[in-house]
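Here is a short tour for a reader new to this structure. It takes charged pairs, a helix, some strands and a disulfide in turn.

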Amino acid sequence: MIGLAAFLSLLAAPVMAQDVGGPPPPPAPAVETTAAAPEWRAVPAENLLVIDTTRGRILVELTPEVAPLHVERIKLLARRGFYDNVPWHRVIDWFMAQTGDPLGNGEGQSPYPDLKGEFTFRRDAAMPFAPVAEPAGARVGFFHSLPVQTQPDAAFALTGDGKVHGWGLYCPGVAGMARDEGNDTANSQFFLMRQAYPALDKRYTIWGMTVSGLDIVRSLRVGEGDNGMVTAEPDRMTRVRIAADIAEAERPGVRVLATDSPRFRTMVDETRASRGADFSVCDVTLPVQVTN
């Protein structure tokens, strides 16, 4: 018979779990940790061209992945003040607005060598691309804010470098480089599209996309005659900078609708339904948020 002290010590001892046999209990359900894709994409300040004009501000997203040599040139000239007070010397309604000539007559350029044409680029599987249409043998969509056309993904396996050709499409707002007759004669003059003009595709280097200020581009003083030269007092670029070089308190910030977001896909579907057989990637205008 157990004494009282021994009995009390047994009550105080830890209770051991009993093995009752049978299968173990099911594991707790996994907690979903995958975050939803952000709805907005911030444009890096290093790739944002800020063009202040006599009509207002234009913001262009630079695309070095598409045209590295031309983006490097635009940045160089902007940082050296080359574009400040340069006129929009050639503006054609329903076409484009051209600038970058310090002489203002279409004959001027920078002191740097001409650039090799970058009419196409090479796309690999890691390059962000959001398709909106897939006609036979091609894919059409967006690289960041830029409308592009490219070969199908199936062609990755058929090329030596695992990449396929892509090229920008001349939709409204697209930034292209002017040149002479030769392919490798671009220098400092560039143009911003007022409307779509697909005849320019793969003939003139595309280096960016207007993400804010297309209304300003369309408000610039239009020239006269077939060549669109502005003979009256032209509008001017008063100052051109790279956003990264502007003090943070004054620097404009730009967020563009992310092309991997559900909202983007809904917008494309709605645009396609409204346009029907006339649907084009140029019909898709990405919403933008601008601060400062």
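A residue counts as buried under 20% relative accessible area, as exposed over 50%, and as partly exposed in between. By that scale Arg236, at 24% relative accessibility, is partly exposed. The model is predicted.

## Salt bridges

Arg236 has a charged partner. It forms a salt bridge with Glu233, and their closest N and O atoms are 3.9 Å apart. That falls inside the cut-off, because a salt bridge needs a side-chain nitrogen of Lys or Arg within 4 Å of a carboxyl oxygen of Asp or Glu. Glu233 itself is exposed, at 54% relative accessibility.

How many salt bridges does a search of the whole structure find? The search finds 15.

| Salt bridge | N to O distance | Accessibility of the partners |
|---|---|---|
| Lys75 and Glu46 | 3.2 Å | Lys75 13%, Glu46 33% |
| Glu233 and Arg236 | 3.9 Å | Glu233 54%, Arg236 24% |
| Asp283 and Arg275 | 3.1 Å | Asp283 28%, Arg275 39% |

Asp283 bridges to Arg275. Asp283 counts as partly exposed. Arg275 also counts as partly exposed. Elsewhere, salt bridges that share partners join Glu46, Lys75, Arg79 and Asp245 into one network.

The side chains of Lys75 and Glu46 meet in a salt bridge. Lys75 lies in helix α2 (residues 68-79), while Glu46 lies in the loop between β1 (40-42) and β2 (48-53), so the bridge ties together parts that are 29 residues apart in sequence. Lys75 counts as buried. Glu46 is partly exposed.

## Helix α4

Next comes a helix. Helix α4 covers residues 262-275 and has 14 residues.

Which residues of α4 are buried? They are Phe264, Met267, Val268 and Thr271. Seen down the axis of α4, these buried residues fall within an arc of 100°, so they line one face of the helix. That set packs against β8 (130-133), β9 (139-143) and β16 (253-257). On the other side of α4, Pro262, Glu270 and Ala273 are exposed. Just after the helix, Gly276 takes a positive phi of about 65°.

Strand β12 spans residues 174-177. Val174 and Gly176 point one way from it, and Ala175 and Met177 point the other way. Are these residues buried or exposed? All are buried.

β12 pairs with two strands. Three bridges join it to β14 (residues 206-212), and the two run antiparallel. In this pairing Gly176 stands opposite Ile206. Three bridges also join β12 to β13 (residues 190-193), again antiparallel. Here Ala175 stands opposite Leu192.

## Val211

Strand β14 also holds Val211. Val211 counts as buried, at 11% relative accessibility. Setting aside residues up to four places away in sequence, what does Val211 touch? Val211 touches Leu48, Leu59, Val60, Glu61, Ser145, Val254, Val256 and Val288. One of these contacts, Glu61, lies 150 residues from Val211 along the chain, yet their C-alpha atoms are separated by 6.4 Å.

## The disulfide

The last topic is a covalent link. A disulfide is a covalent bond between the sulfur atoms of two cysteines. The structure holds one. It joins Cys171 to Cys282, with an S to S distance of 1.9 Å. The link is left-handed, with -75° about the S-S bond.

Cys171 is buried, with a relative accessible area of 3%. Cys282 is partly exposed, with a relative accessible area of 25%.

Key. Residues are numbered from 1 along each chain as its sequence is written. This is a predicted model: local features need pLDDT of at least 70, side-chain atom pairs count only at pLDDT 80 or more; totals for chains, interfaces and linings use all residues. Side-chain values use heavy atoms; hydrogens and water are left out. Helices (H or I, at least four residues) and strands (E, at least two) are DSSP runs, numbered from the N terminus. Buried means under 20% relative accessible area, exposed over 50%, partly exposed in between (1.4 Å probe, protein chains only). The expected span of a helix is 1.5 Å times one less than its number of residues. The arc is that of the directions from the helix axis to the C-beta atoms. Contact means heavy atoms within 4.5 Å. Two strands pair if DSSP finds at least two bridges between them. A disulfide is a pair of cysteine sulfur atoms within 2.5 Å.
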